[in-house]
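Please work through the exercises below with the sequence and the three-dimensional structure open beside you. Try each task before you read its solution.

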Amino acid sequence: MTAAQATPVTVCRLRPDDPDAVALRAAMTGELRQRYADRPYDPIHLPPERVFAPGSVAWTGVAYTPDATPVGHAALRWHGCDLELKRMYVAPAHRGRGIADQLLDAAREAAGQLGAGRIVLQTGDRQPDAVRRYERAGYRPIAVFPPYDALPYSRCFALVIRPGTRRKAPVPA
């Protein structure tokens, strides 16, 4: 990607129930439901409140273009001593412009401010584009962690934020 292709965005911290955040998560869910349509027991087919409970979220970021169009979403929730990256999404018309990198940078900064030693995430086997993005951002494969260990096609990754830094007491996920 050249600098001319990059879309400048501002990542704003919002409440998880903000309408822009909710709309972006709904768009992601619709896209993934199509991608995993032949797997009716995949969690993507569950009601949104069962998959993404706003009360469990420590940080939500929405990427806005200069004209205030919401084009990307990422969230972090506590998973034991780690923060888990949830609902990382960029609207299809805005992909390939560096927005995902800006969201990942904002999530990494937020995780550091929240005191996490690392960020963990789960993605699926039908999201090779996401796997490449995470690997380029420094995430490394890890063992599949609960509750995703029940999903045989899960791929899990982690990014160390500050080596040796861990929260003293886990926050309920």
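The model is predicted, so local features are taken only where pLDDT is at least 70 and side-chain atom pairs only at pLDDT 80 or more, whereas totals for chains, interfaces and linings use all residues. Residues are numbered from 1 along each chain as its sequence is written, and side-chain values use heavy atoms, with hydrogens and water left out.

**Exercise 1. Describe the chain and say how confident the predictor is.**

Solution. Begin with the elements, where helices (H or I, at least four residues) and strands (E, at least two) are DSSP runs, numbered from the N terminus. The chain has 4 helices and 7 strands, and from the N terminus on they run β-α-α-β-β-β-α-β-α-β-β.

Next, consider pLDDT, the predictor's confidence in each residue, from 0 to 100. It averages 87 over the chain, and 84% of the residues score at least 70. Over residues 164-173, however, pLDDT stays under 50, and for this stretch the model has 18 contacts beyond four places in sequence, a contact being heavy atoms within 4.5 Å.

Finally, look at burial: buried means under 20% relative accessible area, exposed over 50%, and partly exposed in between (1.4 Å probe, protein chains only). Of the 173 residues of the chain, 44% count as buried.

**Exercise 2. Work out the order of the strands in the sheet, and find the strands at its edges.**

Solution. Two strands pair if DSSP finds at least two bridges between them. With this rule, 7 strands form an open sheet in the order 1-2-3-4-5-7-6, and the pairing is mixed. Strand 1 (10-13) and strand 6 (140-142) stand at the edges with a single partner strand each, so one side of each is left without a neighbour in the sheet. From one strand to the next, the twist averages 30°.

Now follow some of the pairs:

- Strand 2 and strand 3 pair in the antiparallel sense over 7 bridges, with Thr-60 opposite Ala-75 in strand 3. They form a hairpin with 5 residues between them, and Ala-68 in the turn has a positive phi of about 70°.
- Strand 3 and strand 4 are also paired in the antiparallel sense over 7 bridges, and Arg-77 has Glu-84 in strand 4 as its bridge partner. Their hairpin has 2 residues between the strands, and there Gly-80 takes a positive phi near 65°.
- Strand 6 and strand 7 (residues 154-160) pair in the antiparallel sense over 3 bridges, and Ile-142 has Cys-156 in strand 7 as its bridge partner.

**Exercise 3. Which residues have the most contacts inside the largest nonpolar core?**

Solution. A nonpolar core is a set of buried Ala, Val, Leu, Ile, Met, Phe, Trp, Tyr and Cys residues joined through side-chain atoms within 4.5 Å. The largest one has 30 residues, and those with the most contacts inside it are Leu-76, Leu-85, Met-88, Tyr-134 and Tyr-139. The largest share of this core, 8 residues, comes from helix 3.

Take Leu-76 as an example: beyond four places in sequence, its contacts include Trp-59, Leu-85, Ala-107 and Ile-119. A second, separate core of 15 residues includes Tyr-36, Val-120, Phe-145 and Tyr-148.

**Exercise 4. Where on helix 4 do the buried residues lie, and what covers them?**

Solution. First list the buried residues of helix 4, which are Ala-130, Val-131 and Tyr-134. Seen down the helix axis, they fall within an arc of 100° (taken from the directions from the axis to the C-beta atoms), so they line one face of the helix. An α-helix has 3.6 residues a turn, so residues three or four places apart point the same way. What covers the buried residues of helix 4 includes strand 4, helix 3, strand 5 and strand 7. Just after the helix, Gly-138 takes a positive phi of about 100°.

**Exercise 5. Is Leu-103 buried or exposed, and which residues does Leu-103 touch?**

Solution. Leu-103 is found in helix 3, and at 0% relative accessibility it counts as buried. Among the residues it touches, leaving out those up to four places away in sequence, are Val-11, Gly-61, His-73 and Met-88. The C-alpha atoms of Leu-103 and Cys-12 are separated by 9.7 Å, although these residues are 91 residues apart along the chain.

Methods
Axes fitted to C-alpha atoms, helices over the stretch in contact; angles between N-to-C directions.
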